[in-house]
Every structure is written in C-alpha cells, then in structure tokens.
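Subject: Structure handover

Hello,

Here is the structure you asked for. My notes on it follow below.

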Amino acid sequence: MGRKILIEMVVYPLVLGVPLFAFIWIKHGGVTREWVLEMVFLSILTFVSTVFFLARILEKHGYSKRDIKRLFEILEEHWDEPWYSGYLKHDVQYCIAYHLVFWGFLSVALLEFQDVSLVITAFAGMVFLLVMVYPIASTMVVWILALPFYFLGDDRAEDAFEFIGKTSLASTLAIPAIWVVSGYFATQNYPKEILDMFNAVVGNAGKFLALSLINTLFGFLGVYLPRRVGRRILSIVLLSLAVAMLFILWELFKL
C-alpha cells in the first residue's frame with residue numbers, strides 16, 4: 001500500500017508534469033548554466049514549501065506538524081476516504097500538484113526572462129490581472145447561481161449574495177491600489193510581455209472597478225434589502241444591477 005500511495009501522490013504528478021515542462025524548455029531553447037543553478041535553488045524552495053504546507057494540512061486534519069515524517073502511513077489510514085475537497089487524501093494531492101505547476105511555470109518564466117527580478121515583476125503582473133478580472137467571475141456567479149437561487153426561493157441564495165458581496169468588496173478595495181502600482185510599472189523599461197500586462201490593467205481598471213462596485217452592491221443588497229422592502233421591488237433592483245453588469249461586460253469585450 002505504501003508504494004501505491006507514493007506512486008499516486010508523488011510519482012504520477014511528476015511523470016505527468018515534468019516531461020511537459022521539459023518539452024517547453026527544449027522548445028524554447030536558451031538553457032544556460034545560470035538557469036540550471038536557479039532551477040536547483042527553485043526546486044529546493046519548492047520542496048521546502050511543499051513540506052511546510054503538507055504539515056499545515058496535517059495540522060488542519062487533527063495531526064501534529066511533526067507527523068509529516070509519517071505522512072504516507074497517515075495517508076494509508078485515510079485511503080478509503082472520498083476524493084473530495086476537505087478530505088486529507090484530496091488536500092495532500094492538490095497541495096503537491098499546485099506546487100508542481102507553480103514550479104513549472106516559474107521555470108518557464110526564468111527561461112523566458114533570464115532574470116529573477118523580471119520573473120517576480122511578471123508574476124506580480126499576472127496576479128494584478130487575475131484580481132482585476134475577478135469581477136467577471138463574480139458576474140458569472142450572479143447569473144448562474146445567485147439569481148436562479150433567488151427566483152427559485154432556494155435558501156442558498158443568501159449564501160451566494162453574501163459571497164458575491166464580500167469578495168467583490170475585497171476586489172473593489174484592491175483595484176484602485178493595483179491601478180496605481182500598474183501605472184508606475186507601465187512607465188518602466190521592462191520587456192514588452194510584462195508591459196502589456198500592466199498596460200492592460202491600466203487601460204481597463206476603470207471599467208472593472210465599476211463592475212466590481214455593482215457586484216458589491218448586488219451582493220449586499222441581496223443580503224440586507226429583503227428585510228426592508230418587498231420581493232417585487234427587490235427583484236427589480238437585483239435584475240437592474242445584473243443587467244448593468246452585462247452592459248459593462250459588453251464595453252469590456254468590445255475592446
């Protein structure tokens with residue numbers, strides 16, 4: 001059983017992931033001695049980070065961080081659990097897979113830019129873009145979950161409203177700061193690939209901020225307005241906000 005666990009948890013992800021990234025390295029070219037040394041250092045950091053987060057997962061499931069030494073023995077005890085989020089086996093597998101993917105993407109970024117500082121800047125640009133486009137995901141939750149739950153009278157509607165409101169509020173607060181920082185980076189002498197990310201943030205930040213504000217309003221009104229107004233008025237308000245989201249999305253995708 002121990003060998004099977006090792007193969008499924010560690011060997012399979014490595015066999016599936018490493019050759020793919022190795023193909024990208026070969027296809028890209030430009031492998032240097034400095035890059036190899038940086039990859040050795042990155043691999044050590046990735047291993048340390050993986051062990052750290054696996055220990056946190058064990059702690060979350062009622063074990064001690066020191067139990068990381070007998071991880072496979074513990075996994076054997078939980079091997080018959082369902083493969084769902086929140087179960088130990090699932091969480092361990094995803095932790096390993098996420099670290100492998102992160103390692104792979106950083107390796108490609110290092111090969112592309114050949115400079116750790118540029119890789120960090122590019123990573124910051126990717127994070128900024130992900131935060132910036134979050135209102136699109138939130139709008140999808142509005143139309144796919146929140147509104148159907150609300151009109152069907154499903155109790156899960158309130159949870160959806162609360163999720164949309166809280167996450168969109170965080171997005172609304174983050175976008176102005178990201179906008180300012182990206183404006184600074186966009187004036188620097190970075191490679192075109194990096195500048196394009198920051199320019200995309202600066203060029204669309206206003207519309208994404210407006211979309212995030214509407215999502216925030218939609219979420220919190222969906223939570224608190226039912227106690228103060230009738231269902232008919234609330235329905236009109238929520239539908240109006242949801243339609244306004246679509247108009248902003250239309251303007252964004254016209255670019």
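In helix H6, the residues Ile-136, Thr-139, Val-142, Trp-143, Leu-147, Tyr-150 and Phe-151 are in contact with helix H9, where contact means heavy atoms within 4.5 Å. On the H9 side, their partners are Arg-231, Leu-234, Ser-235, Leu-238, Leu-239, Ala-242, Val-243, Met-245, Leu-246, Leu-249 and Phe-253. The residues of this contact divide into 15 nonpolar, two polar and one charged. Here Ala, Val, Leu, Ile, Met, Phe, Trp, Tyr, Cys and Pro count as nonpolar, Asp, Glu, Lys and Arg as charged, and the others, Gly among them, as polar.

This is a predicted model: local features need pLDDT of at least 70 and side-chain atom pairs count only at pLDDT 80 or more, while totals for chains, interfaces and linings use all residues. Residues are numbered from 1 along each chain as its sequence is written, and side-chain values use heavy atoms, with hydrogens and water left out.

Helices (H or I, at least four residues) are DSSP runs numbered from the N terminus. The axes of H6 (residues 134-152) and H9 (residues 231-253) come within 11 Å and cross at roughly 155°. That makes H6 roughly antiparallel to H9, a term for angles over 145 degrees. Axes are lines fitted to C-alpha atoms over the stretch in contact, and angles run from 0 to 180 degrees between N-to-C directions.

Next, the aromatic rings. The whole structure holds 14 aromatic pairs; rings of Phe, Tyr and Trp (its six-membered ring) pair if their centres lie within 6.5 Å, and planes over 60 degrees apart count as edge-to-face. Phe-21 and Phe-105 are edge-to-face, because their ring centres are 6.0 Å apart and their planes stand at 75°. Phe-21 lies in helix H1 (residues 2-28) and Phe-105 in helix H4 (residues 88-113), so this pair ties together parts that are 84 residues apart in sequence. Phe-21 is buried, at 7% relative accessibility, whereas Phe-105 is exposed, at 55%. Buried means under 20% relative accessible area and exposed over 50% (1.4 Å probe, protein chains only).

Tyr-150 and Phe-161 are also edge-to-face, 6.1 Å centre to centre with 65° between the planes. Tyr-150 is in H6 and Phe-161 in helix H7 (residues 156-185), eleven residues apart, and both are buried. Ring pairs also link Phe-128, Tyr-184, Phe-185, Tyr-190 and Phe-198 into a cluster.

Leaving aside neighbours within four places in sequence, Thr-46 is in contact with His-99 and Trp-103.

Regards

Notes. Helix = DSSP H or I, 4+ residues; strand = E, 2+ residues; numbered from the N terminus. Parallel < 35°, antiparallel > 145°, perpendicular 65-115°, else oblique. Phe/Tyr/Trp six-rings, centres within 6.5 Å; stacked < 30°, edge-to-face > 60°.
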